[in-house]
Amino acid sequence: MSRPRPVPAPLPSRRSADDPGDRGARRRASRSLWSACEALLAAAEPRAFTRALDRLSEAFDCDGVALHVLGPAGELEPWCARGAWRTAAGDLRGCLSVPLWRGPERVGTLDLLGRAGRPFRPSQMSLVRTASGAIGAALGARLELQRLRSMPGRDPLTGLPDARAFQSRLESEMSRARRHGVPLGLAFVDLDRFGSLNARYGREAGDGVLSEVALVLRLALRESDLLARVGGDQFGVLLPETDLAPARRCGERLRHALEDHRFARVGRISASIGVTASPRGGLEGVELLANGDQALALAKKSGRRRVAAFEPAPVH
């Protein structure tokens, strides 16, 4: 008679990666990271740094967060810190220092102080690696525009190229597009009811929104695209080698980026966007600008908070 085969003992239960508790923690961490990036972009809000670091501390479940930036001499300089960095003698705990990059450029480091008696968990390490790209992009955009504000040809409020610099770049890009036979996309972004926002919250808050809009738009564009402030609450975008259909998709991406962002003090805003593209939208800069203006007027007349494209009908 054969002996019964032994039944293996059950393995110790482990929490599944799809466990609702884990998913809830990841969602909370994602919301905290999103809030931190929004706060880093709030250039004119004095409490933005504190708010950003508090959100990062929540996301990474740690006792201290600090940001260092790369200074003019190429050395790391302390920028802001939050938490219990002064610990008692013998209080040994884990620390992480993560380099922050904006594309190929290193912009600083993110330093984290772990909780007492709790080493960093693999899930925390994974979140830090994933989040460092978004934090580096937000920090790098803010630092870049801060450096550019005092340069000639730059808008002193946002650090973006001004209207004259935009016009000059448009002419050179149009010349390049004709020479190489490639399209050039153009978009105008106009903030909806910005005058009412200024009247309700004050000029200082309005200026803060404009600075923040510049950062949000810059992060939604390619490095090769040009973003400029061309009027009070109007921004111009040049999209090299971009035809009308992808220019329209870019316009939708910019619109959603603005609507998804929560601006300091004023909350949510929206924008109307007009797009056009050469060669059908014009072979000269003045034609392209006129058709971009018509596209923007169409977006505003159609109810705002939308993207409209304009391309003249072909003449036979």
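Below are my entries on a cavity, a pocket and some salt bridges.

**Entry 1: ground rules.** I am working with a predicted model.

**Entry 2: the cavity.** I looked for cavities of 30 Å³ or more and found 1.

Entry 3: The lining counts 16 residues, and Trp 34, Cys 37, Leu 41, Ala 134 and Leu 219 lie nearest the centre of the pocket. Helix H1 (20-41), helix H3 (122-148), helix H6 (203-219) and helix H7 (244-260) are the elements that each give two or more residues to this lining. By class I have 13 nonpolar, 2 charged and 1 polar residue here.

Entry 4: Which residue forms a salt bridge with Arg 118? I found Asp 61, with the closest N and O atoms 2.7 Å apart. The two sit 57 residues apart in the chain, Arg 118 in the loop between strand E4 (105-113) and H3, Asp 61 in the loop between helix H2 (48-60) and strand E1 (64-70). Arg 118 is partly exposed, because its relative accessibility is 41%. Asp 61, at 22%, also counts as partly exposed.

Entry 5: Arg 115 and Asp 63 form a salt bridge, and their closest N and O atoms are 2.4 Å apart. Again the pair links distant parts of the chain, 52 residues apart: Arg 115 is in the loop between E4 and H3, Asp 63 in the loop between H2 and E1. I checked accessibility here too: Arg 115 is partly exposed at 25%, and Asp 63 is partly exposed at 24%.

Entry 6: For the whole structure I logged 21 salt bridges.

**Entry 7: a pair within one helix.** Glu 252 and Arg 255 meet in a salt bridge, 3.0 Å from N to O. They are 3 residues apart in helix H7, so about one helical turn separates them. Is each partner buried or exposed, or in between? Glu 252 is partly exposed, with a relative accessible area of 25%, whereas Arg 255 is buried at 12%.

How values were computed:
Residues are numbered from 1 along each chain as its sequence is written. This is a predicted model: local features need pLDDT of at least 70, side-chain atom pairs count only at pLDDT 80 or more; totals for chains, interfaces and linings use all residues. Side-chain values use heavy atoms; hydrogens and water are left out. On a 1 Å grid over the protein atoms alone, a cavity is a set of points where a 1.4 Å probe fits but cannot get out, and a pocket is an open set with protein on both sides within 12 Å along at least five of seven lines; lining residues have an atom within 4 Å of a point. Grid points are joined across faces, edges and corners, and a volume is the space filled by probe spheres set on the points. Helices (H or I, at least four residues) and strands (E, at least two) are DSSP runs, numbered from the N terminus. Ala, Val, Leu, Ile, Met, Phe, Trp, Tyr, Cys and Pro count as nonpolar, Asp, Glu, Lys and Arg as charged, and the others, Gly among them, as polar. A salt bridge is a side-chain nitrogen of Lys or Arg within 4 Å of a carboxyl oxygen of Asp or Glu. Buried means under 20% relative accessible area, exposed over 50%, partly exposed in between (1.4 Å probe, protein chains only).
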